[in-house]
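This report walks through side-chain interactions in one protein model. Look at the sequence and the structure first, then read on.

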Amino acid sequence: QVQIVESGGGLVQPGGSLRLSCAASGKIYEVYDMAWYRQASGKQRELVARIAIGGSVNYADSVKGRFTISRDNTNNTVFLQMNSLQPEDTAVYYCNADLWALYTTGDRLYWGRGTQVTVSS
């Protein structure tokens, strides 16, 4: 069984920073892309940042220059460093991993349950 668990959310003032972590654990053969999405109240879920197994990254235009995604392949963990946070960054942040679990026929997406980030004074 595979688990995706996010941590690091919370309440922060505008201009502040937070670091999110997401770990994939369980019977895993290989982890490919890992990504962060977010969903604000009443809006659709949107991609924030993605990082490939080789390290190439892409970001949503709204977070470029403020957010940095990174990963630790040894521990199947992805991070999201968020700086200069603004109220419009308030959302539930979800992690996903495209991975191949042991005893399965190929890779698929696994999602975490999300962590709340609230930016408010």
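## Salt bridges

A salt bridge here is a side-chain nitrogen of Lys or Arg within 4 Å of a carboxyl oxygen of Asp or Glu. The model is predicted. By that criterion, the side chains of Arg38 and Asp89 form a salt bridge, with N to O at 2.9 Å. The two residues sit in distant parts of the chain, 51 residues apart: Arg38 is in strand β4, and Asp89 is in the loop between β8 and β9. Both partners are buried. For Arg38, the relative accessibility is 6%.

The structure holds four salt bridges. Asp89 takes part in another of them, with Arg66, where the closest N and O atoms are 2.8 Å apart. Arg66 lies in the loop between β6 (57-59) and β7, and Asp89 in the loop between β8 and β9, so this pair ties together parts that are 23 residues apart in sequence. Arg66 is buried, and so is Asp89.

## The Glu46 end of the network

Which residues are linked in a network of salt bridges? They are Arg38, Glu46, Arg66 and Asp89. Glu46 joins through Arg38, with the closest N and O atoms 2.7 Å apart.

Glu46 lies in strand β5. Its relative accessible area is 36%, which counts as partly exposed. Arg38, by contrast, counts as buried. Leaving aside residues up to four places away in sequence, Glu46 touches Tyr37 and Arg38. Ala97 is 51 residues from Glu46 along the chain, and the C-alpha atoms of these two are separated by 15 Å.

## Disulfide

How many disulfides does the structure hold? It holds one. The bond joins Cys22 to Cys95, with the sulfur atoms 2.0 Å apart. The torsion about the S-S bond is about -75 degrees, so the disulfide is left-handed.

Cys22 lies in strand β3 and Cys95 in strand β9, so the link ties together parts that are 73 residues apart in sequence. Are the two cysteines buried or exposed? Cys22 is buried, at 1% relative accessible area. Cys95 is buried too, at 0%.

## Nonpolar core

The largest nonpolar core has 31 residues. Ile4, Trp36, Leu80, Met82, Tyr93 and Leu99 touch the most other members. Strand β9 gives the most, with six.

What does Met82 touch, not counting residues up to four places away in sequence? Its contacts are Gly16, Ser17, Leu18, Leu20, Arg66, Phe67, Tyr93 and Val117. Arg66 belongs to the salt-bridge network.

## Aromatic pairs

A pair of aromatic rings is described by the distance of the centres and the angle of the planes. A search of the whole structure finds two such pairs. In one of them, the rings of Tyr29 and Trp100 have centres 5.3 Å apart and planes at 75 degrees, so the pair is edge-to-face. The cut-off for that label is over 60 degrees.

Tyr29 lies in strand β4 (residues 28-39) and Trp100 in strand β9 (residues 91-101), so the pair ties together parts that are 71 residues apart in sequence. The partners fall into separate accessibility classes. Tyr29 counts as exposed, at 53% relative accessibility. Trp100 is partly exposed, at 29% relative accessible area.

## Charges over rings

Two arginines sit over tyrosine rings. Arg45 lies over the face of Tyr94, 3.7 Å from the ring centre. The charged end of Arg108 sits over the ring of Tyr110, at 4.0 Å from its centre.

Technical notes:
Residues numbered from 1 in each chain as written. Predicted model: local features only at pLDDT ≥ 70, side-chain atom pairs only at ≥ 80, totals over all residues. Heavy atoms only, no water. Phe/Tyr/Trp six-rings, centres within 6.5 Å; stacked < 30°, edge-to-face > 60°. Helix = DSSP H or I, 4+ residues; strand = E, 2+ residues; numbered from the N terminus. Buried < 20%, exposed > 50% of the residue type's maximum accessible area, 1.4 Å probe, protein only. Lys NZ or Arg CZ within 6 Å of the ring centre and 35° of its normal. Core = buried A, V, L, I, M, F, W, Y, C linked by side-chain atoms within 4.5 Å. Contact = heavy atoms within 4.5 Å. Disulfide = S-S within 2.5 Å.
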